[in-house]
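This briefing is written for someone meeting the structure for the first time.

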Amino acid sequence: MTGAAVPAASPAAAAATLALLLLLLLIIMSSDAREPFACDPKDERTRGFPFCRASTPIPERARDLVGRLTLREKVKLLANDAGAVPRLGIGGYEWWSEALHGVSNVGPGTRFGGVFPGATSFPQVITTAASFNASLWEAIGQVVSDEARAMYNGGMGGLTYWSPNINVLRDPRWGRGQETPGEDPLVVGRYAARYVRGLQGGGGGDGGRLKVAACCKHFTAYDLDNWNGVDRFHFNARVSKQDMEDTFAVPFRMCVMEGKVASVMCSYNQVNGVPACANPNLLKKTVRGAWRLDGYVVSDCDSVGVFYDKQHYASTPQQAVADAIKAGLDLDCGPFLAMHTEEAVSGGLLNEAEVDGALLNTLTVQMRLGMFDGEPSAQPHGSLGPKDVCTPAHRELALEAARQGIVLLKNRGPSLPLSPRRHRTVAVIGPNSDVTVTMIGNYAGVACGYTTPLQGISKYTKTIHQQGCADVACRDDKLFGGAVEAARGADATVLVMGLDQSIEAEFKDRDSLLLPGRQQELVSKVAAASKGPTVLVLMSGGPVDISFAKDVPRVAAILWAGYPGQAGGAAIADVLFGATNPGGKLPMTWYPQDYLASVPMTVMDMRPTRSNLYPGRTYRFYRGQVVYPFGHGLSYTRFIHTIAVAPAAVSVPLDGRRRPANATTAPSGAVRVTHARCAGLSLGVQLDVRNAGARDGAHAVLVYSTPPGGGGAHWAPRKQLVGFQKVRVAAGARERVRINIHVCKYLSVVDRAGVRRIPMGEHRLHIGDVKHSVSLQAERN
């Protein structure tokens, strides 16, 4: 109305308006940060070029683009910080980004700030693997790729992520074991395939479009960083054909062939005297040839320079470049190829056509990502933005992943779960009791927010907090007194102990499996003084010898949380107080400290020696004493297995084109996998899982097999995991679980010559306390 007074805005409304204006400004600034995109229809330089026509098959587009490049322009594209080609409207691109368990800023391709202050930080991989829940692994990958695409659209990230790490956790001391899904090749391979499918969008196989491009690393036999004077840059991993086929190659084969990953990274180390990034048998013959990689091979950062100036494998930089590209390397993380490839070509060590081959592989992946399709916002996933990062649903998935990965190792009495009514005051003690970044492990970014163990427990009951040790090194007892007094005065005590990146990390392998410093002393003194039950919670990537706590009644319960991510403290508290029924199981063997004396990290053999002076590695071959075995994990309820349907015998049809005499060999009548008709050859098991307790719970069904002869043959594992599945069962209910075991893949073993064979005869399946025998019989046509 004319002359009417305009009411003054309330302080709250003014603040809301200011916040909206700031958000709009940040969005504008973020969009301005984006580099100009290739194949802009408004760019006259590229108008009409075939490589910009989205309707043209991608291989043709890639060939057209490569054909327009000069040699100097080509070599600039061989490095992770690929150079721009202004005359073709192509900007520079940073290939190196990381997404191990959430979008990370470890690589230079991704940064946080503005409207992207952080991203969802899921539990470290070793913790997520303990869930044995493949659908969870894929769901995490989907969330991470949503957030990665959102940041790309906002000009804050790339689309090529050098994750996951799928090296088998061969040795408990490895500082990077935390990044891996554990020690079992099947679990690691299944994780790789499902996480990659989540990242890439599931449709990335056979030249399909990619949401983001994943990378399985580090190929291969890479599981030593710096131990006893030997570092990864100088290490020559001596691996038998048997162990290569049986252990080290399995996850990578599954990642490429089942996950359809867009990239494989070769490792720093040598394998039997040849650098992995200069080994045509590994890269060209195996990864691209036998496994049919549809993508590119990238070096670990400066690997080519490493095998030149540290391993002295090549006589000149130009020869090193030629060795790498001829072996099948397409992209260098580092400047080495960009610096020396042109000289290698002019010197006759390398053909320009071989450089073209490398570029075809990298450019094809970029085109599958839509990077040459014009305006990014008009493409699939182009609408993702700040609103799609750190969403409530993503935060809840991070919390649920942490809950599923926590493993209950011990529960005397039982003492857990705690009760807020009975345990009105809880002493929370330990160097990891109120940590934040420790919970997300390495290769992490900036988390959306943190809930520490102390904060999580405080939501259930009153807490008394004492750190006990200044840090995980725990070098003195200055803070012990306060911790002991807190335990004396509380109704229950929770000790949050363990490791962090100062103890185990990239570049840092462990020299001990014991708790660092005086942590064990603190636990023992607090447990002795505690008025109520004492619960030990461990954060670590690798296993810890806690025999003292396992066998002592005063420590009533033990939880392993790994590195549980941004919501780790809430998840720990939910398990402690029974809001969550723990269902995680250990993805690696926990060895006693004296195991280390007979197992140098540099010895790659998986199998024990006949003299038993070398005891072997992992649950598949090691027969000695353990602190806790692979697959161990308790629950607040009791699950009972009953086999409902399983065959007593399975016929293995042999290829009729093979001569029967060649189909088997002496050891147990084992049929070569290549001589069997493997397509569709599976053993179906139907299992009833009954929850006999009073609490709902999730249970990981682990199916093991022991080959004929009880695994007694030197070349056969004593048992091996052949299938697993996570199932939720309500209290008093029963659920039917169906597991198909591929005979050729999972009931086969590998002989000393590296030949995979299917032993004929009686295979024994183990599922909890239930055993079932099935006879494999060769069927000749």
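Cys216 and Cys255 are joined by a disulfide, with an S to S distance of 1.8 Å, where a disulfide is a pair of cysteine sulfur atoms within 2.5 Å. This is a predicted model, in which local features need pLDDT of at least 70 and side-chain atom pairs count only at pLDDT 80 or more, whereas totals for chains, interfaces and linings use all residues. Residues are numbered from 1 along each chain as its sequence is written, and side-chain values use heavy atoms, with hydrogens and water left out.

- Across the whole structure, a search finds 7 disulfides, and one of them joins Cys469 to Cys474 with an S to S distance of 1.9 Å.
- Cys469 is buried, with a relative accessible area of 1%, and Cys474 counts as buried at 1% relative accessibility.
- Another disulfide is formed by Cys678 and Cys744, whose sulfur atoms are 2.1 Å apart, and the torsion about its S-S bond is about -90°, so this disulfide is left-handed.
- Because Cys678 lies in the loop between strand S20 (670-672) and strand S21 (682-691) while Cys744 lies in helix H22 (residues 743-746), the pair ties together parts that are 66 residues apart in sequence.
- Both Cys678 and Cys744 are buried.
- For Cys215, the closest cysteine sulfur is that of Cys216, at 6.9 Å, which is too far for a bond; Cys215 is buried, with a relative accessible area of 0%.

**Aromatic pairs**

- The structure holds 24 aromatic pairs, counted where rings of Phe, Tyr and Trp (its six-membered ring) have centres within 6.5 Å, with planes under 30 degrees apart taken as stacked, over 60 as edge-to-face and the rest as tilted.
- Among them is the edge-to-face pair of Tyr93 and Trp95, at 5.4 Å centre to centre with 80° between the planes, and both Tyr93 and Trp95 are buried.
- The rings of Tyr619 and Tyr704 have centres 5.8 Å apart and planes at 75°, so they too make an edge-to-face pair.
- That pair links distant parts of the chain, with Tyr619 in helix H20 (residues 618-621) and Tyr704 in strand S22 (residues 697-706), 85 residues apart.
- Tyr619 counts as buried at 4% relative accessibility, and Tyr704 is buried with a relative accessible area of 9%.
- Tyr619 and Tyr704 also belong to a cluster linked by ring pairs, together with Phe132, Trp137, Tyr191, Tyr195, Phe630 and Phe724.

**Charges over rings**

- Arg68 lies over the face of Phe49, at 4.2 Å from the ring centre, where a charge sits over a ring if NZ of Lys or CZ of Arg is within 6 Å of the ring centre and within 35 degrees of the ring normal.
- Lys310 lies over the face of Phe233, at 5.8 Å from the ring centre.

Definitions and conventions
Buried < 20%, exposed > 50% of the residue type's maximum accessible area, 1.4 Å probe, protein only. Helix = DSSP H or I, 4+ residues; strand = E, 2+ residues; numbered from the N terminus.
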